[in-house]
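Biologist: I'm new to reading models like this one. Can I look at it with you and ask things as they come up?

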Amino acid sequence: MKILFLNGPNLNLLGTREPDKYGLQTLKDIENYIKEEASKLNIETDFYQSNIEGEIVNKIQEAKGIYNGIVMNPAAYTHTSVAIRDALLAVEIPTVEIHLSNIHKREEFRKNSLTAPACIGQITGFGANSYKLGLIAIYDFLKK
Ligand code: DQA
């Protein structure tokens, strides 16, 4: 099983970016932890981060035929990106949306996700553990 972890804008700054909301772990720390957990389940993972919407769309399109599933934190694009939503619908790769913070507990504009309706479901508010829960969710979904 091969899973792509997709990360949107500003997640490259994890560790120093608003740590009260997003924690102290860097994206590399999270990646290392996920790779360790995934290998126990015999899952291969790749991590990708971009600040550019079109690059994320390209990555989703290229994922077809390579990855069995996607775990995605679209970051700010969650709330704005019709293009990412459409790309997910186009490739039909099972996807779990994740967020470090609980987007439903924050500003009004964060409560709506344009991307979640193109996903199996959403995990939000568990800090870096959202990545681990996302891994388990996609694994359980795919192994059925
Ligand atoms: C986020 C929540 C988004 O609203 C925000 O724009 C982010 C991070 C999260 O993981 O909590 O960049 O996706």
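Predicted model: local features only at pLDDT ≥ 70, side-chain atom pairs only at ≥ 80, totals over all residues.

**Loops, ligand and helices**

Biologist: Let's start with N10: where is its place?
Modeller: Helices (H or I, at least four residues) and strands (E, at least two) are DSSP runs, numbered from the N terminus. With those labels, you'll find N10 in the loop between β1 (2–7) and α1 (19–22).

Biologist: What is the phi of N10?
Modeller: Most residues other than glycine have a negative phi. N10 isn't a glycine, yet its phi is positive, near 75°.

Biologist: E18 has a positive phi too; what value is it near?
Modeller: E18 lies in the loop between β1 and α1. At a relative accessible area of 36%, E18 is partly exposed. Its phi is near 35°.

Biologist: Now the ligand: which residue puts a polar side-chain atom 2.6 Å from one of its oxygen atoms?
Modeller: Let's go through a few pairs, with a polar contact being a pair of N or O atoms within 3.5 Å; within protein, one must be able to donate a hydrogen and the other to accept it, and residues adjacent in sequence count only if both atoms are side-chain atoms. A backbone N or O atom of A76 is 3.2 Å from a ligand oxygen. R17 brings a polar side-chain atom to 2.9 Å from a ligand oxygen. The residue at 2.6 Å, again through a polar side-chain atom, is S101.

Biologist: How much of the ligand's area does the protein bury?
Modeller: Accessible areas come from the Shrake-Rupley method with a 1.4 Å probe; for residues, only the protein chains shown count as cover. Taken alone, the ligand exposes 320 Å². Of that, the protein buries 99%.

Biologist: How many residues of the shell around the ligand are charged?
Modeller: A residue is near the ligand if one of its heavy atoms lies within 4 Å of it, and those residues include R17, Y22, N73, H79 and R110. Ala, Val, Leu, Ile, Met, Phe, Trp, Tyr, Cys and Pro count as nonpolar, Asp, Glu, Lys and Arg as charged, and the others, Gly among them, as polar. The shell has 5 nonpolar and 4 polar residues, and the number of charged ones is 2.

Biologist: R110 is on that list, so which residue's side chain does R110's side chain contact?
Modeller: R110 is found in helix α5 (residues 108–111). With 16% relative accessible area, R110 is buried. Its side chain makes a polar contact, at 2.7 Å, with the side chain of E107.

Biologist: And H79: which residue's backbone oxygen does its side chain reach?
Modeller: H79 sits in the loop between β3 (69–73) and α4 (82–91). At 16% relative accessibility, H79 counts as buried. At 3.0 Å, its side chain reaches the backbone oxygen of N112.

Biologist: How about I30 and A128: what separates their C-alpha atoms?
Modeller: I30 also lies in helix α2, and at 2% relative accessible area it's buried. Along the chain, I30 and A128 are 98 residues apart.

Biologist: Last one: what separates the C-alpha atoms of V71 and S101?
Modeller: V71 lies in strand β3 and is buried, with a relative accessible area of 1%. V71 and S101 are 30 residues apart along the chain. Their C-alpha atoms are separated by 16 Å.

Notes:
Residues numbered from 1 in each chain as written. Heavy atoms only, no water. Buried < 20%, exposed > 50% of the residue type's maximum accessible area, 1.4 Å probe, protein only.
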